[in-house]
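Biologist: I would like to learn how to read a model with ligands in it. Can we take the features one by one?

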Amino acid sequence: MARYLVTGGCGFIGSHLIERLLAAGHEVRVLDDLSTGKRENLPDSVPVTVGDVADPAAVDAAMSGVDGCFHLAAVASVDRSREAWLETHHANLSGTIAVFDAARRARGGGPVPVVYASSAAVYGDNPNMPLTEDAATRPLSAYGADKLGCELHARVADGVHGVPTTGFRFFNVFGPRQDPKSPYSGVISIFAGRIARGEPITVNGDGEQVRDFVYVKDLVRYLTAAMERPQPGAPVYNVCTGTPTTVNRLAEVLAAVAGKPLDRRTGPARPGDIRVSIGDPSRLVAAFGMACETSLEEGLRDTLAWL
Ligand code: NAD
Ligand code: UD1
């Protein structure tokens, strides 16, 4: 049994991670500002400190005495990082440095491992599909630039301060508890919510943007495995399936799985939107011995059933 801090634990991915940690018998505490996360995503037994991950005092207090930290707190919306550049930078990069800094002295004055969320957004407009971890990073958004900054500071945490880190470049994650009501949420939750309610969906641009959708329950297994076996050298891994899906096709599959008609409208293309994003999962599978196996249809069925 270990004791872990999960930053952003009231959010979509965090709540699934915590479900898994509790099932394995671990003790969990959370630091979250509840900006997009919800207290009711977690059982009452999990202590939640409401605070800003970029506030060093709050992070130090939350980190005290833990065996490791899962760092998921961030403003996850690429679009929001365009509207609120400096504000999202504060949460997304300064918050990550605050976490690495506090991890230096978390347990008995010594360092503890940090497993953190990076993003496929670091690849930006790199056209070399599928993207391996060695592909050039060319972020298109403030969000992607800050996630790349997290990876660079993870190298400092490891090399200079002795804090073992593992970064995961999540591709497009979906599943139950991804907020269907927020305009800043992921495309699957927005489309699923609207299709289920019989409302129209808006496709940004021509809808031929390509994404690699990962089911959340597949993803959280890597986070716990990385915490159990920290490695030197601040490694980063793609978390992806390698399967491409266009936004148009996604809408059609969702409507078919929901058994509802599709009312599709066209909106303007989103500035800073990545055109094609497909990951190569080879390094992930080699390191952890498991692939993301849930099919898009299966994952969509679970997501719709939760709504
Ligand atoms: P989410 O919005 O559901 O979760 C983020 C959580 O962080 C929320 O609970 C929010 O309240 C909290 N938070 C935000 N700013 C904070 C701050 N300043 N201080 C404390 N807490 C704060 O989003 P998610 O999809 O669960 O994302 C989790 C992590 O995974 C994020 O780091 C995100 O960038 C990353 N990620 C997500 C995806 C995806 O497709 N969902 C893909 C790549 C990376
Ligand atoms: C998503 C994640 C981001 C993550 C990245 C990794 C969210 C909110 N964003 O960004 O955290 O780092 O994947 O790849 O989870 N779209 C529409 N109509 C809509 C909403 C979206 O057409 O109503 C389109 C977008 O323009 C985009 C695609 O769907 O082309 C995916 O958008 P979105 O779900 O916001 O994800 P990303 O921007 O890829």
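Modeller: We start with the ground rules, then take the ligands, the helix pairs and the backbone.

Biologist: What kind of model is this?

Modeller: This is a predicted model, where local features need pLDDT of at least 70, side-chain atom pairs count only at pLDDT 80 or more, and totals for chains, interfaces and linings use all residues. Residues are numbered from 1 along each chain as its sequence is written, chains are lettered from A and ligands numbered from 1 in the order in which they are written, and side-chain values use heavy atoms, with hydrogens and water left out.

Biologist: How many residues surround ligand 1, and which are the closest?

Modeller: A residue is near a molecule if one of its heavy atoms lies within 4 Å of it. Here 29 residues surround ligand 1. The closest are F12, D32, T36, Y143 and V173.

Biologist: How do those residues divide into nonpolar, polar and charged?

Modeller: Ala, Val, Leu, Ile, Met, Phe, Trp, Tyr, Cys and Pro count as nonpolar; Asp, Glu, Lys and Arg count as charged; the others, Gly among them, count as polar. The shell around ligand 1 has 15 nonpolar, ten polar and four charged residues.

Biologist: How much of ligand 1 does the protein bury?

Modeller: Accessible areas come from the Shrake-Rupley method with a 1.4 Å probe; for residues, only the protein chains shown count as cover. Ligand 1 alone exposes 820 Å², and the protein buries 92% of that.

Biologist: Which elements give two or more residues to its shell?

Modeller: Helices (H or I, at least four residues) and strands (E, at least two) are DSSP runs, numbered from the N terminus. The contributors are helix 1 (12-23), strand 5 (114-119), helix 5 (142-159) and strand 7 (172-174). Strand 5 gives the largest share, three residues.

Biologist: Now ligand 2. Which residues come nearest?

Modeller: Of 23 residues around ligand 2, the nearest are A76, S119, Y143, V187 and R270. Its shell divides into twelve nonpolar, eight polar and three charged residues. Oxygen atoms of ligand 2 lie 2.5 Å from a polar side-chain atom of S119, 2.8 Å from a side-chain N or O atom of N172 and 2.7 Å from a polar side-chain atom of D273. On its own, ligand 2 has 740 Å² of accessible area, and the protein covers 89% of it. Helix 6 and strand 8 (201-204) each supply at least two shell residues.

Biologist: At what angle do helix 6 and helix 8 pack?

Modeller: Axes are lines fitted to C-alpha atoms, for helices over the stretch in contact, and angles run from 0 to 180 degrees between N-to-C directions. Helix 6 (residues 187-196) and helix 8 (residues 247-258) pack at about 40°, with axes 10 Å apart.

Biologist: Why are they called oblique?

Modeller: Angles under 35 degrees count as roughly parallel, over 145 as roughly antiparallel, 65 to 115 as roughly perpendicular and the rest as oblique. Helix 6 and helix 8 are therefore oblique to each other.

Biologist: Where does P130 lie?

Modeller: P130 is in the loop between strand 5 and helix 5. A cis peptide bond joins M129 and P130, with omega about -10°.

How values were computed: A polar contact is a pair of N or O atoms within 3.5 Å; within protein, one must be able to donate a hydrogen and the other to accept it, and residues adjacent in sequence count only if both atoms are side-chain atoms.
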